[in-house]
Amino acid sequence: QVQVVESGGGLVQAGGSRRLSCAASGTIGSIDTMAWYRQGPGKQRELVTTTPSGGSTNYADSVKGRFFVSRDNAKNTVYLQMNSLKPEDTAVYYCNLMGKRPWGALFNSWGQGTQVTVSS
């Protein structure tokens, strides 16, 4: 199995920054799509960012210009840098990775989520 673990959540004041990490482990052939989702209190899970392999990241309008995705291919880790945080960014953030095992089998793995709370 390909396991995904998020980290970096916590409490931050409005206007502050936070960086989330998403680390994948297991036998991975390729990571084809990386995505961050979030689910705020009483809300449905929403797509925040999506990054295709070799392509540009697409951002939800609500985070455009404030959130930035980067990746470390050697570590199979993707980062979500969140700046100018707002109370409405409060949510559990989930990482989703889709790709292929070395023998060609597809995987679609989710992390357990990490809580980000933005205080006003």
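How many disulfides does the structure hold? In this predicted model, the count comes to one. The bond runs between Cys22 and Cys95, with the two sulfurs 2.0 Å apart. Cys22 sits in strand 3 (residues 18-25) and Cys95 in strand 9 (residues 91-100), so the link ties together parts of the chain that are 73 residues apart in sequence. The angle about the S-S bond is -70°, which makes the link of Cys22 and Cys95 left-handed. Neither end shows at the surface: Cys22 has a relative accessible area of 0%, and Cys95 likewise comes out at 0%.

In general terms, nonpolar side chains in soluble globular proteins tend to be buried together.

Thr77 counts as buried because its relative accessible area is 10%, under the 20% cut-off. With residues up to four places away set aside, Thr77 touches Ser21, Cys22 and Ala23, along with Ser70, Arg71 and Asp72. A polar atom of the Thr77 side chain also lies 2.9 Å from the backbone oxygen of Lys75.

Asn76 belongs to the loop between strand 7 (67-72) and strand 8, and its phi is near 50°, a positive value in a residue other than glycine. Asn76 is partly exposed, at 27% relative accessibility. Ser84, in the loop between strand 8 and strand 9, also has a positive phi near 50°. At 41% relative accessibility, Ser84 is partly exposed too.

Turning to charged side chains, the structure holds five salt bridges. One of them pairs Asp32 with Lys100, the closest N and O atoms being 2.8 Å apart. Asp32 is in strand 4 and Lys100 in strand 9, so this pair links parts of the chain 68 residues apart. Both ends are partly exposed, with Asp32 at 24% relative accessibility and Lys100 at 35%.

Asp89 and Arg38 form another salt bridge, at 2.9 Å from N to O. This pair also links distant parts of the chain, with Asp89 in the loop between strand 8 and strand 9 and Arg38 in strand 4, 51 residues apart. Here both Asp89 and Arg38 are buried. The two also belong to a network of salt bridges that takes in Glu46 and Arg66.

A further salt bridge joins the side chains of Asp61 and Lys64, at 3.1 Å from N to O. Asp61 counts as exposed, with a relative accessibility of 67%.

Definitions and conventions: Residues numbered from 1 in each chain as written. Predicted model: local features only at pLDDT ≥ 70, side-chain atom pairs only at ≥ 80, totals over all residues. Heavy atoms only, no water. Buried < 20%, exposed > 50% of the residue type's maximum accessible area, 1.4 Å probe, protein only. Polar contact = N/O pair within 3.5 Å; in protein donor to acceptor, adjacent residues only side chain to side chain. Contact = heavy atoms within 4.5 Å. Disulfide = S-S within 2.5 Å. Helix = DSSP H or I, 4+ residues; strand = E, 2+ residues; numbered from the N terminus. Salt bridge = Lys/Arg side-chain N within 4 Å of Asp/Glu carboxyl O.
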